[in-house]
Amino acid sequence: MSKTYWKGVEELQNDAKFVQLKNNEFAEHLPLEDSSNTLKAVQEKADDITVTPRRDFLKFLGFSVAAASLAACEAPVRKTIPYLIRPEQITPGASNWYASSYHDGYDYCSVLVKTREGRPIKIEGNTSSSVTKGGVNARVQASVLSLYDNARLKNPVASGAPVSWENIDKEIAMKLQTVVAANGKIRILSSTVISPSTLKAIEEFSKKYPNTKHVVYDAVSCSAMKAANKESFGVDEIPSYNFDKANVIASFDCDFLVNWISPIEYSHQYAETRKLNGDKKSMSKHFQFESALSLTGSNADQRFHVKPSMQGAVIANLYNAIASKASATSVNAGSVGDLSKAISTLADELWGNKGKSLVVCGINNTAIQNLVNGINSLLENYGTTIDLDNHCHLRQGNDADVASLMDEMSKGEVGALLIYNCNPVYTSPMGKMFGDAIKKVTCNVSFADRADETASMCQYICPDHHPLESWNDAEPKQGKYSLTQPTISPLFSTRQFAETLLAWSGNTTNYHEYIAQHWSATVLKGKSWNEILQEGVLEGEQLASKSYKSSANLNSAAEAASKMSASGVEMTIYEKTGLGSGIQANNPWLQELPDPVSKITWDNYLSVAPKDARDNSWKQGNVVEIKANGASVKVPIVIQPGQMPGTCSLALGYGRTAAGKVADGVGVNAYPFISLVDGQMMYAAGVQINKTVDEDHKLASTQTHHTMMGRAIVKETTLEEFIKKPNAGNEKELFSVKVGKDEKKKTAEELNLWNNFESGDHHFGMSIDLNSCIGCGACVVACTAENNVPVVGKDEVSRSREMHWIRIDRYFSSDADPKEGESGDIKAMENPSDNPKVVFQPVMCQHCAHAPCETVCPVIATSHSSEGMNQMIYNRCVGTRYCANNCPYKVRRFNWFRYTDNPKFDFNMNNDLGKMVLNPDVVVRARGVMEKCSLCVQRLQEGKLIAKKQGRKVKDGEINTACAQSCPTQAITFGDYKDKDSMLNKVWQPEGRSYHLLEELDVQPNVFYQTKVRNV
Amino acid sequence: MSRVIYGIYDDETDLMSGIENLLSKGVKCVDAQTPFPVHGIEKLLNVPRTRISIASFMYGATGTTLALLMTWYMMVHDWHINIGGKPNFMFYMNLPAFIPVTFESTVFCAAHGMAITFLLRSKLLPGVTAPIPHPRLTDDKFVLHVSVKDESKLDEAVGFIKSSGASEVLMKSLQFA
Amino acid sequence: MSAAVNAQYEAVVRDPLILGKKSYHQMTEDICRPVEGKANKYWWMAFTVSATTMTWGILCLCYTIGNGIGSWGLNKTIGWAWDITNFVWWIGIGHAGTLISAILLLFRQRWRMSINRSAEAMTIFAVICAGLFPLFHTGRPWLDYWMLPLPNQFGSLWVNFNSPLLWDVFAISTYFSVSLVFWYLGLIPDLATIRDRAITPTRKFIYGLLSFGWKGTARDWLRFEEVALVLAGLSTPLVLSVHTIVSFDFATSIVPGWHTTIFPPYFVAGAIFSGFAMVLTLMLVARKVLGLEEYITTQHVELMNKIIILTGSIVGVAYITEFFMAWYSGVQYEAYAFQNRAFGPYWWAYWSMMTCNVVTPQLFWFKKIRTSMMATFVISIFVNIGMWFERFVIIAVSLSRDYLPSSWTMYSPTFIEVGIFVGTIGLFFTCFLVFARVFPVIALAELKTVMKKTSNQYKKVGILKKEN
């Protein structure tokens, strides 16, 4: 018999009146006016039955119709409350900038934070930093949205229940005391901490609570490198690298452009060596040895396939090749087959550039790192391209310590565990074991900003501030300091880790004071705190960078390195440009950022070689099951040109289970496949791939076609050619024109039907250097942040409806690419080569002077400004989409749905917290209108206004678009054609590398590109 | 005083011959109502040639002018916007783009102007009650309007009409607008 | 016989256009019967079906308006697909009506008289269906009126006369209103007939209103014929211009596969082609359902089939020319666009278009097929399908692969889109069925003028034509 529920206690008691009333439609009688007597009658009647006489019915009807129609014809009024007392420094409508720095244990960047009405809305690079040099990457850009993440904890939590800071402090202090009394171990497990003050706080804490140990754990670890440096040179440090000093770069499984140690720094240095501005006619030569096509690999001049297990042998052989030149003793290395030729050429190149070369290796294996150190010391790179004295403080993680902590815990020896800024349950290969071990710890505290996989297992969560809410300092490299300052008062009842530690160790000074004191004691040396706070960075004095000779036993190293082997298909475990190690997985901007190489969003997947796919008849999206060291997951296949046959790769950072509704359930967790080899995390595994399940997984890709089909879209040449002839690969197509009798040859752009409009004081334009662009996608996120570009989610992206205003096209070369003057076989051209050359091309609105989109709009919703910009007038747009059809660059984006306040698109624009990131200078577009790149017109206007107020002309470089500003390699130059000596005019060399995309159409774009040059 | 009487014929051939016959007898045939256009009848009843096509031309000309004025005013004079670099600052330069609209508005005005004129001229409007001497006039009967000067001549006229092949003669008075 | 009638006497060798023993009254009876009598069960069946599909279409339309164009299968690269395909398809169909009534009138083709009324009606309804798509394909349909030459709230922002879409606005509205006028003026005398035959006062009143008090005096007829002639003269260039302008939507753009100077003639031919096919489809049904076999004869059908062969061949030539130009121009994008049509992922659309439009009509070279009702019906359906695919191939397939391969995408419709299209078909037939019950489907008065020349009774052609 089914349950019955009571409407209320009356029903339970079968109250007579209730029983009678409950049969009526309206239990209470309707509020009818008493004036007319008919209604009087009704009033009385209403007690037994509720009737609505015709008149009332009509009244209600009339009212509701009126109401409905009113509501329909008038947009709801939103009241805004003005400041009663205006806070200092906040001028409504004017933005404040604060210098700060971002470090989440993975990325470091010195940044400028733009705030509007007290809300941080945009992060940009800080040019006064000599580390990141004004660059940022996608993750740092996006971190501003993580600040407004709804999944963050709103207050401290004790055993699942929210508590006040006082109580939690009391409880934990008590517990710690008991632990100390029982003389149990106290362990602080954290990711790399580069903040001197925080380290000092930890020190204080360990003074207060003896036998405290600070264990540093990086999800993506470089501990082998430290170990190796200790063995080779007796320096237990991560060195600083100077890619800018290197003429030849050899990289082994090292994605230094986007993920390795300090990518923003390196990508900037790297680009320096690749640029061909002015009369610079030389560029570095980059060799990459890897199995999975990494972003770095796709930028390499020469890329060679090496299985992870073979890397050791290859490096050993390289060592021998160099050693023979340096007449040093060789080591006994395994054979490398057909790679020996590549190795000898590389050796020649390196030796030819002794002291101006660089060998880097991303493999977390001590033996291999020792060999690499050996090579670099033979090449005398220490003191030039490698600086071991002004070492780098990032990635200090120590895998051995972590391992020992693990068994301490499982043995139950640890009394208190404080987990700061790391998530071992998710990121450790023994995550599950760790989770169980936590239970054995009497006092376990997490400082995570959310109840993530680890924190949710902890008894106490003392949520930390977001970097944008905190005071902090950082020393990413020895002698290079930077400050973090709050740009908004904490959104929730959170407290900074260091401050919490201080509180527990009985120090009541607030952290801001604490840092100030520490600095004046150590780093300031009489410099003004305020100036540094304003600048954001303090460039301390640098030590002389000495040269080092390796003293490690390379023979044993070589043996160890060469005997590595793996069963089954070798899988590399890598990080994606968007998510990295997965710290910000709950950030929709990063989830929707297409992977630069595969162009796939909202997923990780098993990249396999086209050949393997053919042999095993795998199709894109087929779900396979992969098994290795105890772990197994079901993951979709992606056929990735450039992936080495017989290998595959899987990205970290996905498969979160407790990060928030955006991240949870997206992709699979690859961390369990990491294994501990010689005490170091091994980011590769031999896996079994079985297509047991017969299902397909929908992959959301922003680019479904991968070759250029023999079209001159990305113009390309080689360095030799370029030196011979500056417009190599950029020969303009000439069209013959008959003027009267004589026939002239003219370029498309010289042919013009009409007189041009007179333009204003400015004529803005942009240059994109395809030679410096590494395709990292920082510009995409920057643009998203600056222009309130909506996130549409996986489903819509898979329908090719992503809204990004700037995209990075990635093309693979094809074996069928036609030679000069051939037409080529169109079917064959569609297939990329198995190991293709890769090019990246950022494409945004080209702002054509003869814009095809403008002419076709019936309502003039898009027209041309006197400053050369193609403007979109959202309010005027009726949404015929004709403009998008007629845009040869396909840069226009249509609002297919309402992306704000729409539960179907439950991302940052669907909740008030997330909306705080919106840029008030840019309108949020309505449903049914077209949108596109505006060349950041709001920034242009602001810049011009400032100049006008100061009664001067706009200085070149003072206005910059979001994409150009964020580019870590400065591939994008924004400027004014009207300003004779602007950078833009300098780089515009039609006789050289400059060309307009699809110039034969003669739409006269204001954006131009610079030919890509390969140093092969 | 004069009045109009109606001769009903069963076939357009009878009607035509009838008219010829009556005219020869000097009877005044004013008008005829037929279920379908009977060609040649207008000559016999000497109905003047209609000038409606000329009117239509006028309307068309007006349409052209209006369109040209409109495009000039909206695109060039009031606010010449740079739309894809099209030379909106010079009317003649951008004229080719305006031709389709001009053509359409020409046709529009010509067609509708003429249609309206026709309806007004022939007093055809919703709500107008048609004077129908014979119910099968719009089916297969042909009605001839004969005007008779004075009552005395009435019977004679009726005789004439009968003899000219009319099946019957009606003596009702109808209001012809 | 009087001179007037003699002058119009027609050669005996011409096949009669009206069969059976007919008097003027008989004709009136025959043609007014469907309007005055009760609807037969075929009519009701047809009406129920089409009304239902129409309703379904309306629902889908409402859904689209409520949620956004995103409920269709379009994407960043393919901004138009089914919507504009259907628009062009319907417009094309509409053209036949005007063509039959206007151009054939100018050419003094008598056989048009039995079919022009319903052909014109078809035009009106087709244009209504067509008009729905541009109206509702916009992102914010409630602002469509901004496409009329009105200033914006602040006064001086008008419309863009460079835009083919604006030309469309003018072309379609002119075309629709002029066709409507043309059609209705033609109806007036026949409405008067029904008025005078009406028994019930309501009928009399309604048709009295509709017939504007027509009295049929010599003067009226004189003006009437003049007006008809001039309107025909105006509609002829109009109908050509309309599809020309529709083709400008594509011809003036830069999309490879759209940017083609051959489009205007090619579209017009295509329009006539599809239009005649649709007229046939409808006529063949109507003559059975309304029992008008003696007015819409084999000869009518055969004559129309001949026009279909002609236009079909023109279209075929156009297809080949396109390919030639793509190759001859030496523009790689153009060349690729056409290779892609034939051998790309949408090859099936292209080849079904080829089969339906180029191959099947050629069967009409055989008199047996040309004069067979069943065959004609089937082929006419084929042509309609083929012409739909033509537009799809031009619009969607060209868009799907244009200049930058990075943006190439595929397109597949959602059931919403399909629903709306099916809905318009429902709308079309609903309108046509209602029309067939309310208005005389054959231009009665006009047909009476030629009865004596073309009915076999008067031509003294002994044998009646065998119906098949």
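**Figure 1. Interface of chain C with chain A in the predicted model.** Chain C and chain A together bury about 4,800 Å², of which 54% falls on carbon and sulfur atoms, in a model that is predicted. On the side of chain C, the residues C:K76, C:R140 and C:L404 account for 16% of the area buried against chain A, which is more than any other three residues supply. In terms of contacts, 60 residues of chain C meet 57 residues of chain A. Sorted by class, the side of chain C that touches chain A holds 29 nonpolar, 25 polar and six charged residues.

Figure 2. The rule for salt bridges finds four of them across the interface of chain C and chain A. A salt bridge joins A:R881 to C:D83, with the closest N and O atoms 3.1 Å apart. Helix 3 (41-67), helix 6, helix 8 and helix 11 (332-343) of chain C each bring at least two residues to the side that touches chain A, and helix 11 of chain C gives the most, with five residues.

**Figure 3. Interface of chain C with chain B.** About 5,600 Å² is buried between chain C and chain B, with 69% of it on carbon and sulfur atoms. Within chain C, the residues that lose the most area to chain B are C:F161, C:K215 and C:R223, which together make up 13% of what that side buries. The contact involves 59 residues of chain C and 68 residues of chain B.

Figure 4. Residue pairs in polar contact between the two chains number 18, with both residues of each pair at pLDDT 80 or more. At least two residues of the side of chain C that touches chain B come from each of helix 1 (3-7), helix 2 (24-36), helix 6 (164-197), helix 8 (218-251) and helix 16 (444-454) of chain C. Helix 8 of chain C gives the most to this side, with 18 residues. By class, the side of chain C that touches chain B comprises 32 nonpolar, 16 polar and 11 charged residues.

Figure 5. Four strands of chain A form an open sheet in the order 11-10-9-12, with parallel pairing. Strand 11 (302-305) and strand 12 (357-361) of chain A are the edge strands, each pairing on one side only. On average, neighbouring strands of this sheet are turned by 10° against each other when direction is ignored. Strand 9 (residues 248-252) of chain A is joined to strand 12 of chain A by five bridges, and the two strands run parallel; in strand 12 of chain A, A:C361 is the bridge partner of A:F252. Helix 12 (residues 339-352) of chain A lies across strand 9, strand 10 (285-290), strand 11 and strand 12 of chain A, and runs at about 140° to strand 9 of chain A.

**Figure 6. A mixed open sheet of chain A.** In this sheet of chain A, four strands follow the order 40-33-42-41, and their pairing is mixed. Strand 40 (972-976) and strand 41 (994-995) of chain A stand at the edges with a single partner strand each, so one side of each is left without a neighbour in the sheet. Strand 33 (residues 764-769) of chain A runs antiparallel to strand 40 of chain A, and five bridges join the two. The bridge partner of A:I768 in strand 40 of chain A is A:I972.

Figure 7. Side chains of opposite charge can pair when their charged atoms come close. Over all chains, a search of the whole structure finds 61 salt bridges. In one salt bridge, the side chains of A:R656 and A:E453 meet at 2.9 Å, N to O. Because A:R656 lies in the loop between strand 25 (647-651) and strand 26 (675-677) of chain A, and A:E453 in the loop between strand 15 (443-446) and strand 16 (460-461) of chain A, the pair ties together parts that are 203 residues apart in sequence.

Conventions
Residues are numbered from 1 along each chain as its sequence is written. Chains are lettered from A and ligands numbered from 1 in the order in which they are written. This is a predicted model: local features need pLDDT of at least 70, side-chain atom pairs count only at pLDDT 80 or more; totals for chains, interfaces and linings use all residues. Side-chain values use heavy atoms; hydrogens and water are left out. Contact means heavy atoms within 4.5 Å. Buried area is the accessible area (1.4 Å probe) that two parts lose on being put together, summed over both. A polar contact is a pair of N or O atoms within 3.5 Å; within protein, one must be able to donate a hydrogen and the other to accept it, and residues adjacent in sequence count only if both atoms are side-chain atoms. Ala, Val, Leu, Ile, Met, Phe, Trp, Tyr, Cys and Pro count as nonpolar, Asp, Glu, Lys and Arg as charged, and the others, Gly among them, as polar. Two strands pair if DSSP finds at least two bridges between them. Axes are lines fitted to C-alpha atoms, for helices over the stretch in contact, and angles run from 0 to 180 degrees between N-to-C directions. A salt bridge is a side-chain nitrogen of Lys or Arg within 4 Å of a carboxyl oxygen of Asp or Glu.
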